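Here's a quick briefing to read with the model open beside you. Have a look at the fold, then work through the points below.

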Amino acid sequence: MTTSTATLPQADRVETSLLTVADRCDSCGSQAYVRVEFPVGELSLCGHHFNKSEQRLRDLAVTVVDERYKLEPPSRKLDENASSVF
Ligand SMILES: [Zn+2]
């Protein structure tokens with residue numbers, strides 16, 4: 001096996017699994033909710049664009065940080081319970 005010491009400078013990168021509002025979809029520029037890390041780089045994608053190619057991205061990805069749960073509006077539950085009496 002050949003061991004290359006001159007690979008991408010990923011070694012001292014801190015692994016963060018949190019996407020922030022500063023992370024933007026590489027396709028459309030909206031807030032990214034999924035980060036897909038490949039052997040040679042990474043993509044940030046909104047839920048919409050990740051959904052579009054999810055299977056292919058997962059096949060190629062090393063890591064997938066999926067935070068689409070944040071897209072679920074918490075108000076939905078409130079709406080369902082709105083009719084129930086406390
Ligand atoms: Zn997008």
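A nonpolar core, as the term is used here, is a set of buried Ala, Val, Leu, Ile, Met, Phe, Trp, Tyr and Cys residues joined through C-beta atoms within 7 Å. Keep in mind that this is a predicted model. By that definition, the largest nonpolar core has 7 residues: Ala 32, Tyr 33, Val 34, Val 36, Leu 45, Cys 46 and Phe 50. Across the 86 residues of the protein, 13% count as buried.

**Overall layout**

- The protein has 3 helices and 3 strands, and going from the N terminus the elements run β-β-α-α-β-α.
- Look at contacts with a sequence separation of 6 or more, and 33% of them come from residues 24 or more positions apart.

- The 3 strands make an open sheet in the order 2-1-3, with antiparallel pairing.
- Strand 2 (41-45) and strand 3 (63-66) are the edge strands, each pairing on one side only.
- On average, neighbouring strands of this sheet are turned by 10° against each other, if you ignore direction.
- As a bit of background, strands of a sheet pair through backbone hydrogen bonds, in either a parallel or an antiparallel way.

**Strand 1 and its two partners**

- Strand 1 covers residues 34-38 and runs antiparallel to strand 2, with 5 bridges joining the two.
- A hairpin takes the chain from strand 1 to strand 2 through 2 residues.
- Within this pairing, Val 34 has Leu 45 of strand 2 as its bridge partner, and both Val 34 and Leu 45 belong to the largest nonpolar core.
- Strand 1 also pairs with strand 3, again in the antiparallel sense, over 4 bridges.
- Which residues flank Glu 37? It stands opposite Glu 42 in strand 2, and its bridge partner in strand 3 is Thr 63.

- Which residues does Ala 32 touch, leaving aside neighbours within four places in sequence? It is in contact with Leu 19, Asp 23, Arg 24, Cys 25, Ser 44, Leu 45 and Cys 46.
- Two of those contacts, Leu 45 and Cys 46, are also listed in the largest nonpolar core together with Ala 32.
- In general, nonpolar side chains tend to be buried together in soluble globular proteins.

**The segment before strand 1**

- Ala 22 sits in the segment before strand 1.
- Is Ala 22 buried or exposed? It counts as exposed, because it has 8 C-beta neighbours inside 10 Å, and the exposed class takes in residues with 12 or fewer.
- Ala 22 and Ala 32 are 10 residues apart along the chain, and their C-alpha atoms are separated by 8.3 Å.
- Gln 31 lies in the segment before strand 1 too, and with 16 other C-beta atoms within 10 Å it is partly exposed.
- Leaving aside neighbours within four places in sequence, the contacts of Gln 31 are Val 21, Asp 23, Arg 24 and Cys 46.

**Exposed spots elsewhere**

- Pro 39 is in the loop between strand 1 and strand 2, and it is exposed, with 11 other C-beta atoms within 10 Å.
- Asp 59 belongs to helix 2, which spans residues 54-60.
- Why does Asp 59 count as exposed? It has 8 other C-beta atoms within 10 Å, and 12 or fewer is enough for that label.
- Between Asp 59 and Phe 38 the C-alpha to C-alpha distance is 10.0 Å, and the two are 21 residues apart in sequence.

Note on methods
Residues are numbered from 1 along each chain as its sequence is written. This is a predicted model: local features need pLDDT of at least 70, side-chain atom pairs count only at pLDDT 80 or more; totals for chains, interfaces and linings use all residues. Two strands pair if DSSP finds at least two bridges between them. Axes are lines fitted to C-alpha atoms, for helices over the stretch in contact, and angles run from 0 to 180 degrees between N-to-C directions. A residue is buried if 20 or more other C-beta atoms lie within 10 Å of its own, exposed if 12 or fewer, and partly exposed in between; C-beta atoms are placed from the backbone. Two residues are in contact if their C-beta atoms, placed from the backbone, lie within 7 Å.
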